Each structure stands twice: as structure tokens, then as C-alpha cells.
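Please take a moment to look over the sequence and the 3D structure shown here, and then follow the explanation below as it moves from strands to helices.

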Amino acid sequence: MKTFYITTPIYYVNDKPHIGHAYTSLAADISARFKRLDGYEVLFLTGTDEHGQKVETSAKKAGVCAQDYADSVSDNFLKLTELMNFSNDDFIRTTEARHKKTCLAFWKKLLDGGHIYLGEYSGWYAVRDEAYYNDDEIVEVDGEKRAPSGAPVEWVCEPSYFFNLSKWGDKLLKFYTDNPNFVCPKSKLNEVTKFVEGGLSDLSISRTAFSWGIPVENDEKHVMYVWLDALTNYLTALDYSVDNKGYFKKFWPANVQIVGKDILRFHAVYWPAFLMACGLELPDKIFAHGWWTNDGQKISKSTGNVIDPIDLIDKFGLDQTRYFLMREVPFGRDGDFSESAIVKRINSDLANDLGNFCQRSLAMIYKGDAVIPKFNKTDADVKLIEQAQKCFGKVSNFIDNQAYSKALEVIWEVIKDANKYIDAEAPWKYKTTDPKRMDTILYCCCEIIRVVGILLQPFMPDSANRILNLIALSADKRSFSHLKTPLISGVAIIEPKGVFPRYQL
Ligand code: MSP
């Protein structure tokens, strides 16, 4: 069986989930669902990143111990996966024993390979980013030293273990050249290449200033640098150190690792260097998506404009939210959220184009015999259905390139053509004069609903299933291998109910 391993970043448990977290996981969910429907054995991994100074500080502020704090915030992320209807196969927490075991094994492998040495780190550190910065990266804002991300930095001077990152620059550059799709979108590959070409310093991979982390074996004053700990999660889920279930053999290397643009350096530079040093294959692709702003403004807690995905679901509906996030902005670019934009999408794409098409054709059938009509085909009708089926190739190609909005555009072309077809063919005209023709037109409409419904399952699982229920398509006929299996005439349909209500602002 073909396999597909897709991951999201694991989320820091220093705060509750927001739209950015939901967005990253949603994209991965759509790819995972798509591949399952396409006959792949899928492993879709997400979870929480629970160690490090940032989480320790947040726990202290909240007046609870770090583990209790991590437990409660991690639970919010777990709940979000349910609320957003994510189909993740595993949810990893970096405070779990299985993860500690993998980290220790990974560290040992690096150590045994001669890639780790003890030294002293003195330089800048931004707790908010959990990242080290070089002197030449530091900027001054209002007289304060900041990281390029805007995060405050502090000067750190402490004993530290180092990973010999500086040795891997040429190998990384060669890998990028040989695998031009490793970092996507292309513009991001240039950014990463430039960074590596600028020269890499060895990376500090342990901290001693605090203790909330995985202790280094035989030197427990040190806890592992949270990014080394966190990146290893992608191997923990495969049980890398022992591989009892054969998951590592089956699923590694990952097919796609989705990340936000802010954490690309960790995934496209540090992570492949660690893997190379351990003699492991590198993932096929790291895809960096853009960031959402809110009504044109950067989203931040201090501005108070954080978008809570739970509020969006409550207000607009789950599938409406999923659709909007994937349709509005090409994945990889930055996007702006506004209520007027989501309402426009709901009313025009979902209620008008898709909802009305289903409702008007199925209501006519229901008022008549209430069964899937007979098909007395003409070439033009067959062509319409075939065209709808053919769009699968394009949709699949776009999904393979994380071009989710393009995939939806292609499906919407089918829906728009179908609306034009029903308008032009006007089946109601034939009710008494040529009922056979009316049946054929309505049969074609049902076929379009079937194909579109099947293709929309990864994006809007509940609504797509409701649409497919309206044409009484059995559950075992909803995978992509059935796209060309026509509906059986004479099967009774249920009373159609609107799937996408209009939204009044
Ligand atoms: N813990 C690290 C990841 C470790 S992976 C081995 C981390 N966590 S995070 O919680 O800060 O961020 C997780 C993801 O949310 C990132 O991919 C980030 O890009 C994304 N987003 C955070 N704010 C965002 C927006 N405003 N818009 C879109 N995504 C954003 O980084």
C-alpha cells in the first residue's frame, strides 16, 4: 500500500490556540484526508511542544508547576483538533515518556557520531522564539535590542553542548540543489539558501539556566535545547529508537512537513543537518505557509486582536471556516482575515454556487418521483460528467503542491459550469413536454453533485457527507476510486435540506 506521512509543527503550550495553529493543522488535515480517499495509508501527526524557557516562564506567571500548566494547555490543543474535525492519527506531547526515549536515542546517535562537543555559549537568545541570534541579526527598536522577529533578546553566557552545524553547510546546499522541491514555495528556498551560504555557526543544543526540559544523559545540569527536543517529535511518533511497529520503516522519510514561515530555518536547516548527521534520510518536502493578519493588522496578544478559531466556528460554522481559510489565500502567501471576506465567501461560493445548485436540482427531483432519475444520455451530457470527473487529476496535482485554493478553484469551475448547464437546459420546461429529457438533465445534476461531493470531503468533511447523503450515495462509494462509478437510477432520495445557509451580518 502507498504510504503518506504528513506533520504539523507541534504547538507551544504557553498560550491557548489561535487561528495560526488551526490554519497549519487544517492544511495538513486536508492533505491527509485527500490521500486516504486516494488509497494511501496515511500517518498524520500533530501535537504540543511543552518544554523550554518560554513554557517554564508562562507556568511561573500562572503560579503552577510546568507539568500541570503543560497538561492544561495541551488539552486545549487536543480539543481544538476535535473541534476543527482534524483527522490526525496521533497527538504527540513532548513530555511523554516515548518522546524522552527518542530524544535520548537521537542525542546518543549524534554524540556517538562525533557531532556533539561541550563548550560555552555566549550570545543573544530570544525566549519568545526559543532561538539564538547572531550579533549582526540584532536590531534596535525604541532603544531596545530585538530579534529580527521583533522578539526581545537577552545576552546568555553558559556552558553548552554544541552540534557541529558549521560542517554541514556545503552538504545542505548540495541537497537543496539536488532536491529543488525540498523547500517550498520556491521563494522560501532562496531565503534558506542565502542563509546557509552566509555561513553556519555551530549550534548550541543544551541550556543550563533553567531545568524544564529533557536532561542530557550523564550531565543532568543540561537540558536539551527545546528545538532539538521538538524536532525529534517527528521521529518519536514512528517509534524510531526501537521501531517495534515497523512505523519508521514504513513512513520515514516524511512526505510533507508543514510549517509557518517563521519556523522555516529550524526545519530546513537545523533539522536536515541533524538527520544527515544521524545518517537518516531527509523529508521530501518542507512547506512554509504565510501568516494571517486581522483586518490588516499583525495579530498579537498585546493588540488584543487574536482570532480564536472557536469563535469563528461558533459564528460562521465549522466547514464554512475551513473553506474560507483554504480558499481565500493561496497557501504560502500571507493573508488578511476580515468578517466581510468570510461572509462573502459563505454567501457567494457556498450558499449561492454550491448550495443552490444542489437544492434546486434535488428539490425538483424530490417533488417528482423522489428517486435518482433515469439517464437517456446525449453526448453533451456525457461530456459534462466526464469533465467533472477529469478535474480530479488537476485537483490531485494541486493538493500534491499544497495549492489548496487552486484545488478549490478547479472544483468551483465544475460547480459554475453545472449552474450554467441547469440554467441553459432548464429541466422544468420539459416537465410535461419531454419528461425523459428532464430526467436526463436532473440525472446529470446528481452526477455533478456526486463528483463534487466526493472531491470536497477533505475540505468540508461534514457538509460533503451531507451532500452525498442527499443523493443517497452509499458510504463505501465515496472514495476517489469510485469517481467514475455512476449513480444508480431509481434509488430513493431524502427530502433535500439546504446545506449552507446564507449568513446575515
Ligand atoms: N513549537 C514551535 C514549533 C516546533 S515544531 C518542531 C512553534 N510553535 S508555535 O505554537 O509558536 O507556532 C506554531 C505554528 O503556528 C507555526 O507554524 C506558526 O507559523 C503558526 N502561526 C502562528 N501565528 C500565525 C499567524 N498569525 N498566521 C498563520 N500562522 C501562524 O513555533
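**Strands and helices**

Strand β2, which covers residues 11-12, pairs with β3 in the parallel sense, and two bridges link them. Within this pairing, Y11 stands opposite T48 in β3. It should be kept in mind throughout that this is a predicted model.

Strand β3 also takes part in other pairings. Strand β1, made up of residues 3-7, runs parallel to β3 and is joined to it by five bridges, and here F4 is the residue that stands opposite V42 in β3. Four bridges join β3 to strand β4, residues 90-93, and these two strands likewise run parallel; in β4, D90 is the bridge partner of L45.

How enclosed is strand β3 by the rest of the structure? Of the nine residues in this strand, which spans residues 41-49, eight are buried, and β3 is therefore largely enclosed by the rest of the structure.

We can now turn to a pair of helices. Helix α12, residues 318-327, and helix α17, residues 461-470, have axes that come within 8 Å and cross at roughly 115 degrees. Because angles from 65 to 115 degrees count as roughly perpendicular, α12 and α17 are described as roughly perpendicular to each other. On the side of α12 the contact is made by L318, D319 and R322, while on the side of α17 it is made by P461, D462 and S463.

Technical notes:
Residues numbered from 1 in each chain as written. Predicted model: local features only at pLDDT ≥ 70, side-chain atom pairs only at ≥ 80, totals over all residues. Heavy atoms only, no water. Axes fitted to C-alpha atoms, helices over the stretch in contact; angles between N-to-C directions. Parallel < 35°, antiparallel > 145°, perpendicular 65-115°, else oblique. Contact = heavy atoms within 4.5 Å. Buried < 20%, exposed > 50% of the residue type's maximum accessible area, 1.4 Å probe, protein only. Pairing = 2+ DSSP bridges.
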